[in-house]
Every structure is written in C-alpha cells, then in structure tokens.
Amino acid sequence: MFQLNLSLMFFSLPWYVSGPPRVSHKVTHRQSARLGSGIKLPCPVEGDPPPLIMWTKDGRNIHSGWVRFRFLRMGLKIKEVEADDAGTYICKATNGFGSVNINYTLIVIGKSEICLFIDYTICVCPVRPRFSEPTKMRKRVIARPVGSSVRLKCAASGTPPPDIEWLKDDLPLSDHEVGEGRQKKWTLSLRNLSPEQSGRYTCRVSNRAGEINATYKLEVIERTNSKPILTGTHPVNTTVDYGGTTSLQCKVRSDVKPVIQWLKRVESNEESRYNSTIEVGDHRFMVLPTGEVWSRPDGSYLNKLLISRAKEEDAGMYICLGANTMGYSFRSAFLTVLPDSKVPITTVFSATPTSLPWPVVIGIPAGIVFIFGTVLLWFCQSRKHCPPPTSTHPTQQLLLSQAALPPKLYPKIYTDIHTHTHSHVEGKVHQHQHIHFQC
C-alpha cells in the first residue's frame with residue numbers, strides 16, 4: 001500500500017527534462033518608466049538543474065552595490081527611476097547544459113511626456129517645437145526700400161522634427177508673393193521688394209507635440225529723393241590701447257549710392273601740420289582716406305575706418321559724412337588712445353637734482369660740522385695748557401694774557417696801573433706797580 005502511494009505521487013509531479021534553461025512565457029522587450037517611479041523587469045526562466053541568473057546593463061554587471069536595484073526570484077526591480085537608468089538590460093540564465101538571454105530596452109520619460117513606439121526597438125518621446133536661434137528673430141518690424149531684399153528666419157527644432165509653413169496676412173504664401181526670392185527650410189528670402197509685398201509674414205512650426213509661430217511685419221517704402229540718413233548708433237566713442245587696432249563704423253541709408261567720407265578734427269595748434277583742411281561748422285577737419293562702401297540687403301550702405309597701431313596723435317574727434325546729390329548728413333565720435341604702458345619709469349625721474357640717498361645728504365654736512373668742532377675744541381684746550389714764557393715780567397705776562405683775550409668776549413674790562421715807591425730801613429728803595437681790573 002505504501003509503495004503504491006509513492007508511485008502515485010511520482011506520476012502526479014510535473015515532468016522535468018534535464019537541459020538548458022528556457023523562457024517559460026513571453027515578455028515585452030520594450031519597457032518604459034517615468035522619472036521617480038519604480039519598474040520590474042521579469043526574467044521567467046526555468047530549467048533542470050535550476051539556472052543561475054545574472055543581470056547586465058549596457059554590458060556592465062549589476063551587483064549589490066547598485067543601491068536602487070534589487071534582485072528578485074524571477075526578475076529585477078528598479079526603485080525611483082532616474083534618467084541614467086535608460087538603456088539595454090539583459091537577463092542571462094545559465095546551467096550546466098547551456099544558457100538563455102532575455103533582452104529589455106528601457107526608456108525613461110518625463111512625468112508629462114507621452115512615449116510613442118516607432119518600431120520594435122526604439123521608443124521616441126515627442127518634444128514640443130522651439131525656436132533654436134531666437135537672437136536672430138528679435139527684430140520683428142522691418143522697413144525696406146523698394147528694390148532691396150529681406151530674409152525672415154524661423155529656425156526651430158523638436159521631436160519628431162517639426163514642419164514649417166509660411167503665411168502672409170494669415171493666408172498660405174503663394175509663389176507669386178515669394179517673387180524672385182526663395183524659400184528654404186527655415187528661412188524666407190524676398191528679393192527686389194515691391195510695395196505689394198508689405199504685410200505680416202508668419203512662420204508656423206508644428207509636430208505631434210505642439211505648435212509655435214512667429215510673425216514679422218514688413219513695410220516696403222517707396223524711394224524718395226532726399227539726403228542720406230545715418231542709421232543706427234554708429235559711429236560711437238571708442239577707446240584703444242597704444243599700438244592697438246580699432247575701427248569706426250558708419251551706416252548710411254540713401255535712395256542712391258552715397259559718398260561716405262571720414263574727417264578728423266584738427267586742433268588750433270596743429271593746423272600748420274596739414275596742407276589742406278575743410279571747414280565744418282566752427283572747426284577745421286582733415287580728409288582721411290576712405291575704403292570700400294558696402295551695399296547691404298536692407299538698402300543701407302556701410303563703411304569702416306580702420307585705425308591700426310594707434311598713437312597719441314590719432315586721438316580726437318572723427319566725423320562720418322554721407323552725401324548725395326540732395327545733401328549730406330554727418331555724425332561725430334571721439335577716439336581715445338590710452339598712454340603707452342611700455343615707457344620706462346626711470347625717465348620720469350631723470351630731472352631730479354640728485355640721486356643720492358637722504359642719509360648721505362644729511363650725514364655729509366653733519367660730519368663736516370663735527371670735525372670742525374673737534375678741531376676747534378682741541379685748539380682751545382691746547383692754548384689753555386700752554387706754559388707762560390719764563391723771561392717775561394709778571395706784569396708783562398698779565399698784560400699779554402689780557403691782550404690775548406678776545407675783545408668780543410670781554411668788552412667792558414678796564415685796567416688801572418700805578419706805581420708805589422717804598423723806602424726801607426736798610427736804606428734801600430723798592431719800587432713796584434699795582435694793576436687793578438674792573439668789569
């Protein structure tokens with residue numbers, strides 16, 4: 001009875017055949033996940049013996065150090081999906097008889113994007129169009145004279161690549177309205193403009209994710225006989241380093257090609273240096289060589305004055321003068337040339353009276369005074385200790401010493417000399433003198 005039950009249990013168990021691992025059921029090889037969400041990639045394999053599972057991402061083994069990745073019994077779980085998690089994942093199951101792979105392509109999309117599968121391996125997320133060169137689209141109101149040309153730009157990008165359509169006054173642009181111009185992918189060129197081409201030009205850019213547009217207002221102006229007009233802000237005040245290079249620009253609008261001339265003001269003390277000058281207003285100017293005048297698509301004319309190896313005499317006021325048969329217009333600007341920084345500093349102090357340091361200047365006179373005082377003191381001491389001559393009478397010595405005194409030191413010394421005669425018992429007569437000093 002026991003043996004029969006064992007047999008029944010044996011036949012009731014699933015029948016496994018030893019061999020390489022195999023995929024137990026179908027999987028979706030294209031997977032998508034939103035940023036911050038979680039996703040599970042299944043790996044439904046079975047085999048006898050049970051296979052060993054290993055996961056890779058873009059050829060790198062996934063291990064326990066990948067914090068947000070967790071190995072499941074039959075799959076891989078990714079928590080808080082990031083943009084870098086996108087890529088190719090492979091589940092490889094191996095046993096002693098062989099191996100089998102399950103491949104996944106993971107696409108990470110934004111929270112507000114919708115992912116569209118284009119084919120079996122690529123998932124594209126549409127991106128709303130946007131203008132790729134907005135700095136070239138800032139000027140939306142344009143005025144051009146008759147016969148000139150204009151280019152309207154609307155470069156854009158997006159996913160999938162957007163399409164562009166041009167409209168004039170909200171109607172599709174016809175070939176007649178394009179005229180002699182040409183229409184590229186992102187640029188509309190209009191040439192030999194006529195008054196009928198004035199109006200509002202709109203570029204409409206769109207794809208599956210959305211649509212954007214931009215509108216230009218074009219005004220084609222009839223040419224009139226008038227004097228030239230200096231447009232823009234040029235020429236402008238400019239500063240250049242000594243020895244450097246700079247340029248002054250002049251932009252003139254005229255119905256006919258104008259004559260553009262550059263002038264430099266001559267200061268009153270420099271008039272003798274130049275052979276010929278012209279008078280503009282209350283000042284005199286010298287005429288400078290003029291380069292080529294360029295014609296621009298907007299109907300204006302451009303000229304540049306190049307100043308190379310700038311020197312101090314290049315500084316001053318410059319005038320751009322545009323003239324035609326109807327008159328002239330001009331505008332001035334100042335050029336400043338910075339001082340030469342390579343001039344040696346020692347030349348600035350070459351005019352000083354002495355280059356000796358101040359201790360020497362003070363010490364030399366002090367030393368001379370000290371030596372003179374020492375010699376004078378020694379001389380006075382030697383006169384004080386000198387012994388008087390023995391052959392001189394005491395009265396003469398006193399008189400000599402008196403005479404030797406400087407008169408400036410003793411201006412009020414008076415002497416009184418008188419003689420006394422005495423008779424002694426022995427019959428001798430003794431005579432001597434008394435000298436009295438009075439201050």
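Let me start with the sheet whose five strands follow the order E2-E10-E9-E5-E6, an open sheet with mixed pairing, and please keep in mind throughout that what we are looking at is a predicted model. At its edges we find strand E2, covering residues 30-34, and strand E6, covering 60-61, and each of these pairs on one side only. Further in, strand E5, residues 52-57, runs antiparallel to strand E9, residues 87-95, and six bridges join the two. As a reminder for anyone new to sheets, strands pair through backbone hydrogen bonds, and they do so in either a parallel or an antiparallel way.

Now let me move along the chain to another sheet. Here, too, five strands make an open sheet with mixed pairing, this time in the order E14-E22-E21-E17-E18. The edge positions belong to strand E14, residues 141-145, and strand E18, residues 171-172, each of them pairing on one side only. Strand E17, which spans residues 163-168, meets E18 in the antiparallel sense over two bridges, and within this region Lys168 stands opposite Leu171 in E18.

Stepping back to the whole protein, we count four helices and 34 strands. Finally, how far apart in sequence are the residues that touch? Among contacts between residues at least 6 apart in sequence, 61% join residues that are at least 24 apart.

Methods:
Residues numbered from 1 in each chain as written. Predicted model: local features only at pLDDT ≥ 70, side-chain atom pairs only at ≥ 80, totals over all residues. Heavy atoms only, no water. Pairing = 2+ DSSP bridges. Contact = heavy atoms within 4.5 Å.
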